[in-house]
Amino acid sequence: MAHRIGRRKNVKKGFQFTLMVVGASGLGRTTFINTLCDADVVPKRESDDPEMAHIEEGIKIKPYNVELEEDGVKISLTVVDTPGFGDMIDNEHCFQEILGYLERQYDDILSEESRIKRNPRFRDNRVHALLYFITPTGHSLREIDLELMKRLSPRINVIPVIGKSDSLTPQELADFKKRIMEDIEHHNIPIYNFPYDPEEDDEETVEENSELRSLLPFALIGCEEEIMVNGRKVRARQYPWGIVEVDNSQHCDFAKLRFALLSSHLQDLKEITHDYLYENYRTEKLSRNAESSSE
């Protein structure tokens, strides 16, 4: 499945953008969201009660809204968190819940489009990108990783990331990234791979997208604490062997991913969602309805 090539648009007015974040507990999802928004958007989970440890709570889907400004452009960002994903013995329910949520947003648009009189207050809650947090095992993708990406990629732009990537050495991380991309290719999983066409696109777009593609899956380190480094305050983790800076592209891919999501590729992700993923869903749904009504 080849995604349509996106072009960068001049952004004058504000944007509404929705991002879903999925991954097992303990991979730094909450910290990532708060670091991305530079605010306490998602509350920290209280320490778990050992008395309740045996109870499987299941997945929850929680949207959080935040207003951001990037290079003078206002972004009304909704981050959809999915606490409880991957914590259960059988994760079939998790896949169904997430897929159901994505498709409900499409259904809302579908019914709004078929109204004679549109609702001026209608809010488009379609999710434009899904960051899938992969556990930094250093080996290869697990069954749950492959299954989730396979099931959800027809409905959403899936972008794989590695949570807590500072738990791997630079060489382990490079090898892990390579193995993950080999797995994704082997299983024909159509992730969002920053599409470009050397024939059609300008040199700058080709260069930028090929660099972002080469970083997949993005290695992330989340940290909300600031420490002083060479006389300036930076978001960083302090280790006995040194300091890892969140916004330093030499240390992790956070800054490049943030810029792609909230600036350079925001419009492309929205367009692919509307023109391709939603249109496919719409066609499937309408043909299903037509078939069932003719029976």
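1. Start with a helix on a sheet. Contact means heavy atoms within 4.5 Å. Helices (H or I, at least four residues) and strands (E, at least two) are DSSP runs, numbered from the N terminus.

2. A word on the source. This is a predicted model, where local features need pLDDT of at least 70 and side-chain atom pairs count only at pLDDT 80 or more, while totals for chains, interfaces and linings use all residues. Residues are numbered from 1 along each chain as its sequence is written, and side-chain values use heavy atoms, with hydrogens and water left out.

3. Now the overall count. The protein has 7 helices and 9 strands. Of its 295 residues, 47% are buried. Buried means under 20% relative accessible area, exposed over 50%, and partly exposed in between (1.4 Å probe, protein chains only). Take the contacts between residues at least 6 apart in sequence: 71% of them join residues at least 24 apart.

4. Two strands pair if DSSP finds at least two bridges between them.

5. Compare two pairings. Strand 2 and strand 3 are antiparallel, over 9 bridges. Asn65 has Thr78 in strand 3 as its bridge partner. The hairpin of these strands has 2 residues between them, and Asp71 takes a positive phi near 50° there. Strand 4 (residues 129–134) and strand 5 (residues 158–162) are parallel, over 5 bridges. Here Ile134 has Ile162 in strand 5 as its bridge partner.

6. Look at Val161 in strand 5. Val161 is buried, with a relative accessible area of 0%. Leaving out residues up to four places away in sequence, its contacts include Phe133, Pro217, Phe218 and Leu257. Val161 and Leu257 are 96 residues apart along the chain, yet their C-alpha atoms are separated by 9.4 Å.

7. Then the core. The largest nonpolar core has 82 residues, and Leu77, Phe85, Leu148 and Phe218 have the most contacts inside it. Helix 2 (residues 92–113) gives the most to this core, with 9 residues. Such a core is a set of buried Ala, Val, Leu, Ile, Met, Phe, Trp, Tyr and Cys residues joined through side-chain atoms within 4.5 Å. Beyond its neighbours within four places in sequence, Leu148 contacts Val22, Phe85, Phe95, Ile98, Leu130 and Tyr132.

8. Glu208, Glu211, Leu212 and Leu215 in helix 5 meet Lys256, Phe259, Ala260 and Ser264 in helix 6.

9. Last, helix 1 (residues 29–37). Of its 9 residues, 8 are buried, so helix 1 is largely enclosed by the rest of the structure. Among the buried ones are Arg29, Phe32 and Asn34. Just after helix 1, Asp38 takes a positive phi of about 55°.
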